Amino acid sequence: MKLDYSKKISIVIPTRNRAEFLGPCIETCTASDDQNLEIVVSDNFSSDNTKQVVETFTDPRVRYVTPGNDVSMRQNFEYALSQADGDFVIFIGDDDGVLANGLKTVRYLINKFDPDVLLWKHITYLWPHIQSEPKEGLLKFRLRDFCGPMKTLDPKTVLQSFADGRTVAYREGANIYHGCIARRLIDAVSSKGGQYFQGQIPDVNTAVSNLVYAKSMLWIRNPVTIAGQGEKSNGAAMNTSAQTTQSQNNIAANFKELAEADSVLPEIDLRIRSIPAYTYANLNLVSQIHLKGQLKLNHERWRHIIVDDLKRFPKQHRCWSVLEEFFEQMDPDYVANGRLAKIEETLEKRTELATEGRARVKKKKRGPKSLHISTVKSTADWINAVTNPPYKPVNNLLFARCKHFYRMILMVINRLQVT
């Protein structure tokens, strides 16, 4: 099947003060030979050399834009989207990467199915860390995650699964962040509320809101983007369960300050660091804006999920009283009585037992393979070499399994040649 390039794809990269990651990120995008592609870099008033880094690229597909002053992450996402004019839109972070082979797979699926939502398997790359591990760049992978059967999902079923608390991870929603969304769906969401990003956690918010209007949704195991993670990542600063550095605390404080200055108020008290809590809050927000409050949430189940998640965090980020207020706002039938604070006593006792050596030791499971690579660009080059030629998923399960087996053999051969 000859690829049709008539529909433009926009890759949008919001950025702020991370020039050292941005260059390799853009390099992964320009490695694609897709000529109906635009790469929009939206600089949120960076004080480093971000603009100069972008200007080193002479590729006409790369465009530098800026809102011109300090804005919240949500506002920068919204501004960046307004500067993109693609028929399909992909958002990535400035420490992430794009796979040229993956973009060809996206082209193939757009040609064949024209989906509202296209999702893929996440591959994570850990940038070298200074104050914590890893000191070298690290890619963790399983070859089977580089190809596999395509799944057709029902957006309404996925939305209900979120509401019931059976699906918790927002990445299983209809993501524009490390996902591909049709412009017609973006317009449908924007028609209610006037803006596309309607919550201060933009990736979580749209992962839910897209489900309301989407009519078709595909998921492929073949990766299209690489999710980079470093010490300066917003996710690491806001949501890590480990002890944070002073630099990460500053990033989190700046995020909170700009979010609270936005005309769109945060959907949750940002002292709460739990991602499931953000998902729960956005389910309620999306229900109010788009469904007239008719989405029935399993509040009790979500409360249990969030409490269990918050137990992983350092003591200073386990804000039980704030969480109880949040639960009251979400569910009129919930009565706060201070019982969440009692959890802290249990956690402290558990810590004492662990210190005394009586904690249960979990059996170590066999994990993914590890590969030390210096940057996300080197990672993209390696994956492109291993997964060549570009994968064309099929929805016939038997044919898909045969193709998967063949691809696995091919990837093993490719890996031997490039490693």
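This is a predicted model: local features need pLDDT of at least 70, side-chain atom pairs count only at pLDDT 80 or more; totals for chains, interfaces and linings use all residues.
Residues are numbered from 1 along each chain as its sequence is written. Local features need pLDDT of at least 70, side-chain atom pairs count only at pLDDT 80 or more, totals for chains, interfaces and linings use all residues, and side-chain values use heavy atoms, with hydrogens and water left out.

A search of the whole structure found 14 aromatic pairs. Rings of Phe, Tyr and Trp (its six-membered ring) pair if their centres lie within 6.5 Å; planes under 30 degrees apart count as stacked, over 60 as edge-to-face and the rest as tilted. F77 and Y177 form a tilted pair. Their centres are 6.2 Å apart, with 35° between the planes. This pair links distant parts of the chain, 100 residues apart. F77 lies in helix 3 (residues 73-82). Y177 lies in the loop between helix 5 (155-163) and strand 10 (180-182). Helices (H or I, at least four residues) and strands (E, at least two) are DSSP runs, numbered from the N terminus. F77 is buried, at 7% relative accessibility. Buried means under 20% relative accessible area (1.4 Å probe, protein chains only). Ring pairs join F77, F91, Y177, Y196 and F197 into a cluster.

Y280 and W302 form a stacked pair, because their ring centres lie 5.8 Å apart and their planes meet at 10°. Y280 belongs to helix 10 (residues 275-290) and W302 to helix 11 (residues 299-310), 22 residues apart. Y280 is buried, at 0% relative accessibility. W302 is also buried, at 0%.

A charge also sits over a ring. K151 lies over the face of W219, at 5.1 Å from the ring centre. The criterion is NZ of Lys or CZ of Arg within 6 Å of the ring centre and within 35 degrees of the ring normal.

Notes: Buried means under 20% relative accessible area, exposed over 50%, partly exposed in between (1.4 Å probe, protein chains only).
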